[in-house]
Amino acid sequence: MSIKREALEQFQFAHTHNVVMNGEMPDFIAVRKPPNAASVYMWVSPTGADEFEVLYVGKAGFGVQRRLNEHRGGFVNSGAGRKNRTLIAEWINGGRNIMVYARVSAAHQVFGIDVSLYSTEEHALWARFLPRWNRANFP
């Protein structure tokens, strides 16, 4: 499913990285400092001047940079990560671009304690945009 640039701005997402191929390996090149707090992020691909296809959504409990570093390791060390590496390589080698957009997640008070809603936001993004590459099931 797609998302318009206007919606990314409305939902307070910022373009933090471009995804490029470094030989056979995808890499995340920062275009601005990503949030260093519990966040959600999307891998999106431009389909027009102001519209993007949502490829993947994820959560980053300890910040986006740390989570993207974990993806880098997964591209070699995990089955799901190797699948993502293949999908990214095919996409980019097919002449398309991938960008990472991220936002710091909201917090809500539960039992008198402020907790991040990053898991809830990831689920909502998945349900709203049905990203083509997410394989995890949500309750």
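Axes are lines fitted to C-alpha atoms, for helices over the stretch in contact, and angles run from 0 to 180 degrees between N-to-C directions. Helices (H or I, at least four residues) and strands (E, at least two) are DSSP runs, numbered from the N terminus.

Hello everyone, and thanks for coming. What you see above is a predicted model, where local features need pLDDT of at least 70 and side-chain atom pairs count only at pLDDT 80 or more, while totals for chains, interfaces and linings use all residues. Residues are numbered from 1 along each chain as its sequence is written, and side-chain values use heavy atoms, with hydrogens and water left out.

Let's go to the sheet. In what order do the six strands of the open sheet come? The order is β1-β5-β4-β6-β2-β3, and the pairing is antiparallel; two strands pair if DSSP finds at least two bridges between them. At the edges stand β1 (2-4) and β3 (25-30), and each has a single partner strand, so one side of each is left without a neighbour in the sheet. On average, neighbouring strands of this sheet are turned by 40° against each other, direction ignored.

Now the helices. Helix α3, residues 79-93, lies across β2, β3, β4, β5 (51-60) and β6, and runs at about 90° to β2. Helix α4, residues 118-129, also packs on the sheet: α4 touches β1, β4, β5 and β6, and its direction makes about 155° with that of β5.

Next, please find strand β6, residues 98-104. How many of the seven residues of β6 are buried? Six of them are, so to speak, under cover; buried means under 20% relative accessible area, exposed over 50%, and partly exposed in between, with a 1.4 Å probe and protein chains only. On one side, β2 (residues 14-22) is joined to β6 by five bridges, antiparallel, and there Val-19 stands opposite Ile-98. Strand β4, residues 39-48, also pairs with β6 in the antiparallel sense, over six bridges. In that pairing Val-44 faces Met-99, and Ser-39 stands opposite Val-104.

Let's stay with Ser-39 for a moment. Is Ser-39 buried or exposed? Ser-39 is buried, at a relative accessible area of 0%. A polar atom of its side chain lies 2.6 Å from the backbone oxygen of Ala-37; a polar contact is a pair of N or O atoms within 3.5 Å, where within protein one must be able to donate a hydrogen and the other to accept it, and residues adjacent in sequence count only if both atoms are side-chain atoms. Leaving aside neighbours within four places in sequence, Ser-39 has contacts that include Gly-58, Val-64, Arg-103 and Tyr-118.

On to the rings. Rings of Phe, Tyr and Trp (its six-membered ring) pair if their centres lie within 6.5 Å; planes under 30 degrees apart count as stacked, over 60 as edge-to-face and the rest as tilted. By this rule there are six aromatic pairs. In one of them, Phe-28 and Phe-75 have ring centres 6.0 Å apart and planes at 25°, so the pair is stacked. Phe-28 belongs to strand β3 and Phe-75 to helix α2 (residues 64-77), so the pair ties together parts that are 47 residues apart in sequence. Phe-28 is buried at 4% relative accessible area, and Phe-75 is buried at 0%. Together with Tyr-41, Trp-43 and Tyr-56, these two form one aromatic cluster.

Charges meet rings here as well: a charge sits over a ring if NZ of Lys or CZ of Arg is within 6 Å of the ring centre and within 35 degrees of the ring normal. The charged end of Arg-66 is over the ring of Phe-62, 4.4 Å from its centre, and Arg-96 lies over the face of Trp-91, 3.9 Å from the ring centre.

To finish, two backbone angles. Most residues other than glycine have a negative phi. Phe-111, however, has a positive phi, near 55°. Phe-111 is in the loop between β7 (107-110) and β8 (113-116), and counts as exposed at 85% relative accessibility. Leu-130 has a positive phi too, about 40°, and lies in the segment after α4.

Notes
Contact = heavy atoms within 4.5 Å.
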